[in-house]
Amino acid sequence: MNNKKQNKEVEILAPAGTYEAFQAAIRSGADAVYAGGDLFGARAYAGNFDRETLIRAIREAHLYGKKLYLTVNTLIKEREMEERLFSFLKPFYENGLDAVLVQDLGALSFIREHFPDLALHASTQMSVAGASGAGFLKKYGVERIVPARELSLSEIRKMKEETGLEIECFVHGALCYSYSGQCLFSSMLGGRSGNRGQCAQPCRLKYQVEGMKKPSCILSLKDIMALDDIPDLIEAGVDSFKIEGRMKKPEYVSETARMYRKYADLFLEKGREGYRVSEEDKMRLMDLYNRGGSCRGYYHMQNGPEMLSPDRPNHAGIPAACVERQKGRSLLLKALAAVQKGDVLEISAKENVTLGQDVKKGGQFQILVAKGTAVKPRTILSRVRNESLIGEIRDHLKTADIRRPVQAEAVFRAGEPSRLTLRMGSIEVSAEGMVPEEAKKQPLDRARVEKQLGKMGNTPFRTEKMAVEMDEGIFFPMQVVNELRRQAAQKLEDAILGQYERFCPEIPEKKETDTTVRDPHARMLSVLVQTREQLAAAVQEEDAGRIYVESHLAADLFASGSGRAEIRALFETRKAEWYLVFPHIFREQAERLYDRIWGDLEAFPWDGALVRNLESLSYLQKKVWKNKVQADHHLYTLNKKAVEFLKNAGINGTTVSLELNSQEIRETVSGEEEMVVYGYAPMMISAGCVKKSTGHCDGKAAVTKLKDRYQKTFYVKNYCDTCYNIIYNTAPLVLLDLLPEIERIGIDNVRLEFSLEDADETRRVIRLYGDGFLRDGGYPQAAEQFDDFTRGHFKRGIK
């Protein structure tokens, strides 16, 4: 398309989980680094930075002309918002932090209010999946979007063209199987929430797919490597190439940053005609880390088995050798045979391991591969590293010169103070020293003075141009030159950093009063249905005061005259509140679908709509929707600021997050919330398709079963009209006998969500909850009514 030199600049954005990784990034071509502090980062188990180290990194980045972005990309609880967020950000803001990445809508609002000069970047955890969602956030001060990784190049181009926002896209590293921010898998199974930076990565485990012979890592994606896609990404309008890896080592950070800087510059200089990616360079990156090969991500494909790493190989692409009490060591030896002498193996052992004649205790350790290496059973070979490559990268980091060029002008005249002036861009500083004396013996040599002035030492500067005015026959100690240089360099550092300094006033204390007035009789039992059978059952039950019609069912019904007649007849049968539910993910395919049926949808007498993402809310506003809008729990409200944000954005009511416990709900409740008290929780919303990955794609919606290593069954529903999968929990959430406590908290509206149930079960559950909640008929114990169930996070919550 374009064979000419590009005028566009592209930022290389590198990860840093430690200060060493930060230094590796800025020494290897990164223009900016993103890092986390000791709070609110989506990589809670990275090294992360304490306050002093992060301030040091911010200042160092600026001295070298780089930027540092802070990750505040987790959901923030009410008490944290009140007590921690301001004090956490204040010192970084005052020291010139360049931007903050956010997930939480309440945090976005809070930061915009209290740190007005801090750039806001929408994290990929926000699941921004379209230009409309990006445009919506632009109205609230967001300057940059990190879109969902699942977007195609055309969607990214449209986002850039329609919003003009900066676009930051992942180009290298791990891919999540779920839309980031839409995964509760780790949270529900073990209490380690991905929305709080503590994901345990259950998607990397093996699952038995219904109809398949053996378990596989059906939810584990290969890492992305987008070197070949750099021209397409730049031409689509991407401003920043983001490298994943805050858990990775400095050598990985260095080499990936260097590679993407190299190839971005190559395209910018020579265009497509001169753009070629070396296979050797690809292999260098694969040698550093890979999860069973690489893929090009979603930029050119919707999903597919090519993106998976189903056999869970080790990081070097060699089949993981795990010998559990076997007679021989054939599997492990086969893997070791692929390793070259001189490589380093990182070993994880459950038992003591014999290596030659040495016995190592179980745990993590390294060995240098040598002839005759012996490893006993029950040892796991976890990673192979190319030691020569590691050594080469370390040598580069020791010798890399990233000092900034300065112009120096020195004046040494008899009878005047010595003066050294340094200039860099628009900044100019001067330092003065002693007055030179007349030389009594040998006058100073100009060349010696110039040489000494040019030694900038450990400063961030190098002398690019030197001008010295010096009288003949004068003398001064060489220490004067050194002191002038030291003072001038320090003044230049201070001047550079001074450009970034800000003042941040303290937040005045404010006392909040609860103005909520509750009507003890205004209870509402809502029912969400996904199938025609569930809909018919809900209509028959008078207790269902509000009926939510799931998007896929609504689309099916309104796509034909008979369907429209069917739902019209049901509506006339029951005068409940009727709400249209929008899809979990609202991308271009969903927008086209709704555009086709909008006339019929709009003509139906809906009382409101339920939205799960900003794209759906923006779509309704564009269509001038005049009815109520309810936010689902996918639009997270873990704090009052998030609730306030959504209300100001046009939301009439919210849904309690599935990750809050009873006390945390009490702290945020206003009386207008709805709470899910029954249903199979959606554990993952994914662009991946289990049916397609197993070769059974027929374009028809269906339910597939996955079994984990404990023989628990997860149900996966594929929605072909908008092309995404939902993985549901193994057992339904049941809070039936906890409803009295829920009422005391302040919740008057509760919701039953049906997904896998048949008509009989739908009716039974509605009656159970209706008898207790609406008629005070008592609350039977959940164990008496359900063979298997979960309390979710109502009691335990998340960290």
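Two strands pair if DSSP finds at least two bridges between them. The exercises below apply to a predicted model.

**Exercise 1.** Determine in which sense strand 25 and strand 26 pair, and over how many bridges.

*Solution.* Locate strand 25 at residues 577-581 and strand 26 at residues 608-611. The two strands run in the parallel sense and are joined over three bridges. As one example of a bridge, Val 581 has Leu 610 of strand 26 as its partner.

**Exercise 2.** Identify which strands stand at the edges of the open sheet of eight strands.

*Solution.* Write out the strand order, which is 27-26-25-24-23-34-28-33, with mixed pairing. Strand 27 (628-631) and strand 33 (733-734) each have a single partner strand, so one side of each is left without a neighbour in the sheet. Next, consider what packs on the sheet: helix 25 touches strand 23 (524-529), strand 28 (674-679), strand 33 and strand 34. The direction of helix 25 makes about 165 degrees with that of strand 23.

**Exercise 3.** Decide whether Ser 755 is buried or exposed.

*Solution.* First place the residue: Ser 755 lies in the loop between strand 34 (749-753) and helix 25 (759-773). The cut-off for buried is under 20% relative accessible area. Ser 755 has 6% relative accessibility and therefore counts as buried. Beyond its neighbours within four places in sequence, Ser 755 is in contact with Gln 530, Gln 534, Tyr 680, Lys 717 and Tyr 728.

**Exercise 4.** Describe the largest cavity by volume and lining.

*Solution.* The structure holds eleven cavities of 30 Å³ or more. The largest has a volume of about 220 Å³. Its lining comprises 20 residues, with Met 126, Ser 127, Gln 182, His 634 and Leu 635 nearest the centre. Sorted by class, the lining has ten nonpolar, seven polar and three charged residues.

Definitions and conventions
Residues numbered from 1 in each chain as written. Predicted model: local features only at pLDDT ≥ 70, side-chain atom pairs only at ≥ 80, totals over all residues. Heavy atoms only, no water. Helix = DSSP H or I, 4+ residues; strand = E, 2+ residues; numbered from the N terminus. Buried < 20%, exposed > 50% of the residue type's maximum accessible area, 1.4 Å probe, protein only. Contact = heavy atoms within 4.5 Å. 1 Å grid on protein atoms, 1.4 Å probe; cavity = no way out; pocket = protein on both sides within 12 Å on 5 of 7 lines; lining within 4 Å. Points joined across faces, edges and corners; volume = space filled by probe spheres on them. Nonpolar A, V, L, I, M, F, W, Y, C, P; charged D, E, K, R; others polar. Axes fitted to C-alpha atoms, helices over the stretch in contact; angles between N-to-C directions.
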